[in-house]
Amino acid sequence: MQKNIVLLPGDGIGPAVTEAAASVLQQVADIFSHNFIFTSKMVGGAAIDTLGEPLPADTLQACKDTDAILLGAVGGPKWDQQPPQLRPEKGLLQLRKGLGLFANLRPVKTFPSLLASSPLKQEIVAGSDLLIVRELTGGLYFGLPSERRDNGQTVVDTLHYEKSEIERIVETGFQSAMLRDKRLASVDKANVLESSKLWREIVDEKSKDYPEVSVEHMLVDSTAMKLITNPTYFDVIVTENLFGDILSDEASVLTGSLGLLPSASLREDQLGLYEPVHGSAPDIAGKDIANPLGAILSAAMLLRYSFEMEREAIAVEAAVDDVLQSGYGTQDMQVNPERIVGTQEMTSLVIEQLTAA
Ligand code: NAI
Ligand code: MG
């Protein structure tokens, strides 16, 4: 199959981890006889420095015209003092908005060789493998009015959702569950919030279309507890913007290593933006020590969600599993010091495993 991929390396360690993920995708193309055409575009601080804005029109257009986008990270101290319009992060926000990406997917999986890195007890986190599906463009973060009144004596934020916005994210939740263990936890606060009551009705209605998926309604407060007391309980969690923001950051500490967490931002068609959860890590940029696995696992998500190449996605994930199982890690992971490798060597190990499998 022929597919176009736009690469947005960005800043700091972004270029190194994006290159790593692109080379893994190229290997997938070679093994499975696909033709992936890569185009690199500017975003973030790199785009500000050369073109004067964090999301050049040419970059946005290329992203609109492609099949999938792989992003490294943006930002760094160099641009921290810039006005808001000239901040690298602005480029990412404009990109998500410009493409209408409304669903954020954050898988969290613990690897046996890394259990010691988790802040939780090993027997609690062992075997955790969950996916949080978060609504990204509605709810409390975007509802109007959002303002101070009465000389600051009153504040108002608005939790606004259109029924159609809830329907589409719930649909993404069910579809994601179908690709996994078919267990969906719909998380809300329906004992208090009107938006959550509608959310529940929509989930119940939609569940008729997905008889194979077992659905459970859970309140967000008890979900927050269960995530750290019994994370293996979960398969897919679907929730609104604010709850998803908090729960996905809570879940991200389970693995003990920020460097290996991937993410996807999706819309109704196949186009998606894939990026590691971590930032541009300016403290370690240019040293060939950044962990490329978050970006590589993001590339696996790209294969799964934008290209519907489940077999290829599983092959990449299995290769990462095997490399970690052999005890290898980058310097951010708690592994045997003799098995610590750099960005490029880690990438080569994954590619070797892919080829061998
Ligand atoms: P960060 O995620 O860049 O780094 C936090 C810590 O984790 C640092 O010690 C870093 O060295 C380490 N780390 C991160 N990724 C790693 C990797 N792949 N391998 C090994 N170690 C890794 O977060 P921080 O320091 O808060 O932000 C740095 C810059 O990144 C800021 O300008 C921030 O705005 C930006 N940022 C960008 C994001 C994005 O592009 N999506 C997300 C988060 C932050
Ligand atoms: Mg957050």
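This briefing walks through some features of the structure above, topic by topic.

The model is predicted: local features need pLDDT of at least 70, side-chain atom pairs count only at pLDDT 80 or more, and totals for chains, interfaces and linings use all residues. Residues are numbered from 1 along each chain as its sequence is written, while chains are lettered from A and ligands numbered from 1 in the order in which they are written. Helices (H or I, at least four residues) and strands (E, at least two) are DSSP runs, numbered from the N terminus. A residue is buried if 20 or more other C-beta atoms lie within 10 Å of its own, exposed if 12 or fewer, and partly exposed in between; C-beta atoms are placed from the backbone.

**The annotated domain**

- An unreviewed UniProt entry annotates residues 4-350 as "domain: Isopropylmalate dehydrogenase-like".
- UniProt positions follow the numbering used here, feature names are shortened, and annotations may be inferred rather than shown by experiment.
- Residues 4-350 are 40% helix and 20% strand. Their end C-alpha atoms lie 23 Å apart.

**Helix α12**

- Helix α12 covers residues 343-356, which makes 14 residues.
- From first C-alpha to last, α12 reaches 20 Å, close to the expected 20 Å. The expected span is 1.5 Å times one less than the number of residues.
- Buried in α12 are Thr343, Met346, Thr347, Val350, Ile351 and Leu354.
- Seen down the axis of α12, these buried residues fall within an arc of 135 degrees, so they line one face of the helix. The arc is that of the directions from the helix axis to the C-beta atoms.
- The buried residues of α12 pack against α1 (14-32), α10 (293-305) and α11 (310-325).
- Thr355 and Ala356, on the other side of α12, are exposed.

- The unreviewed UniProt entry gives "binding site" for Asp221, Asp245 and Asp249.
- Asp221 lies in helix α8 (residues 220-229). Asp221 is exposed, with 12 other C-beta atoms within 10 Å.
- Asp249 sits in helix α9 (residues 241-252). Asp249 counts as exposed because it has 12 C-beta neighbours inside 10 Å.

**Backbone details**

- The peptide bond from Leu144 to Pro145 is cis, with omega near 5 degrees. Pro145 is part of strand β6 (residues 143-149).
- Asp150 is not a glycine, yet its phi is positive, near 50 degrees. Asp150 lies in the loop between β6 and β7 (154-158). With 7 other C-beta atoms within 10 Å, Asp150 is exposed.
- Lys182 also is not a glycine, and its phi is positive at about 65 degrees. Lys182 belongs to the loop between α6 (163-178) and β8 (183-188). Lys182 is partly exposed, with 15 other C-beta atoms within 10 Å.

**Around Lys109**

- Lys109 lies in strand β4 (residues 103-109). Lys109 is partly exposed because it has 19 C-beta neighbours inside 10 Å.
- Leaving aside neighbours within four places in sequence, Lys109 is in contact with Ser128, Asp129 and Thr255. Contact means that C-beta atoms, placed from the backbone, lie within 7 Å.

Methods: Two residues are in contact if their C-beta atoms, placed from the backbone, lie within 7 Å.
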